Amino acid sequence: MKALCWYGTKDVRIENVPDPQILNPRDVIIRTTLTAICGSDLHIYGGFIPTMERGDILGHEFMGEVVETGHENGLRKGDRVVVPFAIACGNCWFCKNGLTSACDNSNPNAELLEIKDGASGAGLFGYSRIYGGYAGGQAEYVRVPFGDVGPLKIPEGLSDEQVLFLSDIFPTGYMAAENCNIQGGDTVAVWGCGPVGQFAIRSAWLLGAGRVIAIDKYPERLDLARKGHAETINYEETDSVIGTLKEMTGGMGPDSCIDAVGMEAHGSFLAEAYDRTKQAMMLETDRPMVLRAAIQACRKGGTVSIPGVYGGFIDKMPMGAAFGKGLTLKMGQTHVHRYLRPLLELIQQGKIDPPSIISHRMRLEDAPDAYKMFSEKDDQCIKVVLRP
Amino acid sequence: MERIFPRVDRRELESTRWISALAGGAMIAYGMKRGKLFGGLLALAGADLATKALIGHHLYETVGITSVTRKGVGASIPHQLGIKVNKSVTIQQSPSTIYDFLKRLENWPRFMTNLRWATQKDENHSRWIMRGPENAEVEWDAEIINDIPNEILAWRSVNCPHIDTAGSIRLEPAREGRGTVVRLSLQYLPPGGSWGALAAKLFGKDPAGEIADHLHKLKQILETGESATTEGQSVGGSLRHRSGATRASQSEA
């Protein structure tokens, strides 16, 4: 089968690889009908994620048709399903308590992640050995472990494009907004108008926000944010994002702030120079400019919600400001499974239009070009979906 | 948790410890200054005295030689010698489910990946065949020394040519809704004693890591019925070395 394989920094290739097989009784095999490139895939593409090995298949946002099942698991050949990006066993304490991205049992390399983080969470599709090294979904077929837990059956009447983003970015944006603990009428500021930010904006409204302010620099992304009824700030055209936010909120600051950017943030020239230098010297693994801004901008007693991926260590974290203002920080990998059905309902009710964030529709074979374009934000790229 | 060097034996009197330490130190210094065979032997004797003062065990005991001073001791690994590994894991099953699983020897190779098989010899003895370094097989017998259903299983090795081990698994109900806490405690005395174990660690063989891996697999099997794996999955670059069956070719056939 054809699959998108990683071979090094900015080096991904479409290759012919063996088809997946059932390896464990609870596995299912999916024939991919639609898949996408995630912003976090760009961290791999850019060489920021360790423990990748040449030949690893990427991709964690995918859906398709069941072609083979191991044991009895409620799925039949031909079922159309969307698959969550984190693999959950359904049996451990964390899965049973709705914390599926913290699954105890789905990462065969848990010991590696334990060294870095103190404990390992779930294995992920297509996201390096330390997260299990599972072959990813930018491929014609995918092996899905625990097929009785993850895949969500999609009813008739919905297109692939409408439901694909249930695999990752819609629940991620939604959980980010939920973590803000929005009280009716609150002002929510969202840094990052990429796909996750776009879903965070729309989810904030669904959760009762009174005002959503979105920050980015790419005109097409700010445009799309405005289509989501956000007010926008272009950080390259303003003296101070934090100052502007303060004025917009009558001096109080936003009630909650969402960092939908993560470890590869851009910032002011000096801040970016500082953090990029430290990254190059391996003194810092992540660039936290957005996190710093969110902490500085948030009102006292407010919440900073962090869906943006961080992997390692950050420097110059304004912990004093966070403490001094009594902030709540909420973060983490999305617990996709508990959002699947509620969010599917929202889509069916027409309360949100996921395909509106797609900017490019391409074939799987064009994935290497798509990665380059997405990485450089060429051609007004916001979200690429790939059809095998 | 892992402890490689013996814990300090505090049974020595404080005053004699200081005298031993000072005397030992003096002997080392003088012996090294004096040089030659006599000096070397003196330094070694001094080192032994100092080690006894500092950690309560003779120098030769840290290298694994235990029989000289510990005659007639019942335990196969004398008190506080050997490498000790403690690891606990919480498993979402009842103590009795876990106990029953562990009592069946055929289950052990499912999570103990370097075990080829284990068979019952009689009520208290079993034979274990391990995969050793370079695919050599290591056989040894285990004797159950404590068995309280749903609470404790404890064993020690007998007839093992290279290594003495003793261990126990304790099962405690965890708090409401969390299943059982499984506490594994393992003590072993490899060739070369503590220094041998340290050297082995430096060269990549990490028993504590292996044990953690085994416990993780035990948890996976007991909770999910399978052990998470990616062995045999699709990966790029592999078709250059062999031809793999494709779904397309299978459906054509």
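**Fold of chain A and confidence in chain B**

In chain A, 72% of the contacts with a separation of 6 or more are between residues 24 or more positions apart, two residues being in contact if their C-beta atoms, placed from the backbone, lie within 7 Å. The model is predicted: local features need pLDDT of at least 70 and side-chain atom pairs count only at pLDDT 80 or more, while totals for chains, interfaces and linings use all residues. Residues are numbered from 1 along each chain as its sequence is written, and chains are lettered from A and ligands numbered from 1 in the order in which they are written.

Chain A contains 13 helices and 17 strands; helices (H or I, at least four residues) and strands (E, at least two) are DSSP runs, numbered from the N terminus. Chain A is as compact as a globular protein of its length, because its radius of gyration of 20 Å is close to the 21 Å that the globule rule gives for 388 residues. The radius is taken over C-alpha atoms, and the rule is 2.2 Å times the number of residues to the power 0.38. The C-alpha trace of chain A spans about 60 × 50 × 45 Å along its principal axes.

Among the elements of chain B, the highest mean pLDDT, 96, belongs to helix α4 (residues 95-103), and the lowest, 46, to helix α8 (residues 247-252). The model scores ipTM 0.90 and pTM 0.84.

Terms used. pLDDT = per-residue confidence, 0-100.
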